[in-house]
Amino acid sequence: MLPKAVSRNSCLRKRLQNSYKTTYECDACSKIFLFKSSLKQHYLVHSKEKPYVCEVCNKSFSLKNNLNLHYLVHTKEKPHVCEVCNKSFSLKSSLNQHYLVHSKEKPYACKVCNKSFSLKGDLKRHYLVHTKEKPHVCEVCNKSFSLKNVLKQHYLVHTKEKPYVCDVCSKSFSLKGGLNQHYLVHTKEKPHVCEVCSKSFSLKGGLNQHYLVHTKEKPHVCEICSKSFSQKIDLNRHYLVHTKEKPHVCEVCNKSFSLKAGLNQHYLVHTKEKPHVCEVCNKSFNLRKILNRHYLVHTKEKPYVCEVCNKSFSQQRDLKRHYLVHTKEKPYACDVCNNAFSQKSKLNRHYLVHTKEKPYVCVVCSKYFSQKSNLNRHYLVHTKEKPFVCEVCNKSFSQKTNLNNHYLVHKKENPHML
């Protein structure tokens with residue numbers, strides 16, 4: 001028994017031949033034409049000839065009709081308008097395909113995974129997901145792509161072209177999609193809402209990545225150390241830990257960073273900008289994340305709890321440092337005297353012992369200190385402040401160590417005192 005498509009084509013061929021005295025059949029693919037001129041044009045599809053050339057950009061076409069349609073790219077004409085949303089198209093066929101967006105019809109279904117699409121072209125592109133084919137290869141770097149338009153976009157990486165310019169702030173982008181996403185920065189729109197926690201996102205991709213927070217999935221695994229990540233971009237950043245690459249260099253001080261975002265944040269050190277201001281105390285910060293951590297000072301929240309001793313911390317990094325108290329680890333060793341420390345900041349302070357540097361100066365008496373904390377304590381000498389108060393006798397001290405020593409007096413008087 002013949003397949004339906006073959007039998008349908010045979011019936012159509014017989015109907016045409018019965019209806020018209022003369023028909024013209026292509027001897028390459030058996031397609032039937034009513035006019036000899038149409039058959040001649042059709043042969044160009046098989047011969048790969050493209051005699052019709054665009055006078056504007058020299059692109060060539062096998063059919064004159066295709067050349068005429070192509071000219072709409074240059075004239076920017078879009079005469080076919082959607083009656084539902086007023087979006088306009090240069091081709092009527094594109095408008096017809098667009099109507100499927102409104103009708104929600106998805107007549108083209110994948111035979112492998114049953115995913116359905118409104119356009120046949122989308123289904124064809126989808127099949128490449130299953131076949132893993134990447135037939136379009138970059139001539140510059142040999143990177144391959146499944147779609148030709150993605151290859152075209154990739155070439156902009158090499159040409160450094162950024163033809164799409166924001167008409168609000170003049171920022172330019174290599175891809176139109178990048179420009180469209182950028183516009184959301186100005187409009188502040190966040191149309192994609194999480195169904196679990198109602199958090200909203202400007203991009204659907206951002207919402208999809210956010211859902212991994214709720215599902216706890218971490219599908220992206222490092223091939224070197226097996227650490228897993230919820231987002232591929234985080235995995236790519238993680239690989240820089242292994243490669244030690246720091247390709248982003250500060251033009252002011254030549255300090256290098258593995259991430260561009262790290263470099264951008266670093267520039268604030270030189271510009272002295274602190275654009276993020278606390279609404280409670282007006283203290284300003286150069287980074288938003290530091291401001292967010294600062295707010296915990298006001299809310300008194302300490303969401304990070306040690307599983308060993310139940311001590312709680314306002315910041316996760318403080319909890320991580322605290323765990324070293326229990327593990328007794330001291331991973332940071334001085335390369336001068338081999339003295340080891342649990343924190344990198346303590347090692348940095350220790351180096352001042354060897355360098356004899358005292359970068360912190362008292363503005364009152366010009367005394368120098370190697371550590372900022374020592375300078376802050378020293379200022380209490382001038383201000384006469386004594387912020388540390390004994391809970392037993394209310395005697396006050398300028399330094400906490402003096403208060404702790406003072407408690408020993410009470411402990412001798414009352415050995416059972418905690």
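**Ground rules.** I worked on a predicted model, where local features need pLDDT of at least 70, side-chain atom pairs count only at pLDDT 80 or more, and totals for chains, interfaces and linings use all residues. Residues are numbered from 1 along each chain as its sequence is written, and side-chain values use heavy atoms, with hydrogens and water left out.

**Whole chain.** I found 15 helices and 28 strands, taken as DSSP runs (helices H or I, at least four residues; strands E, at least two) numbered from the N terminus. The radius of gyration is 35 Å, well over the 22 Å from the globule rule for 418 residues, so the chain is more spread out than a compact globule. That radius is taken over C-alpha atoms, and the rule is 2.2 Å times the number of residues to the power 0.38. I noted a C-alpha box of roughly 125 × 50 × 45 Å along the principal axes. Of the 418 residues, 19% count as buried (under 20% relative accessible area, 1.4 Å probe, protein chains only).

**Helix α13.** This helix covers residues 344-355. I looked up its buried residues, which are Leu347, His350 and Leu352; they pack against β23 (332-333) and β24 (340-341). Next comes Lys356, with a positive phi near 65°.

**His406.** I placed this residue in helix α15 (residues 400-413). Is His406 buried or exposed? His406 is buried, at 12% relative accessible area. Beyond neighbours within four places in sequence, His406 is in contact (heavy atoms within 4.5 Å) with Cys390, Cys393, Lys395 and Phe397.

Technical notes: The expected span of a helix is 1.5 Å times one less than its number of residues. Buried means under 20% relative accessible area, exposed over 50%, partly exposed in between (1.4 Å probe, protein chains only).
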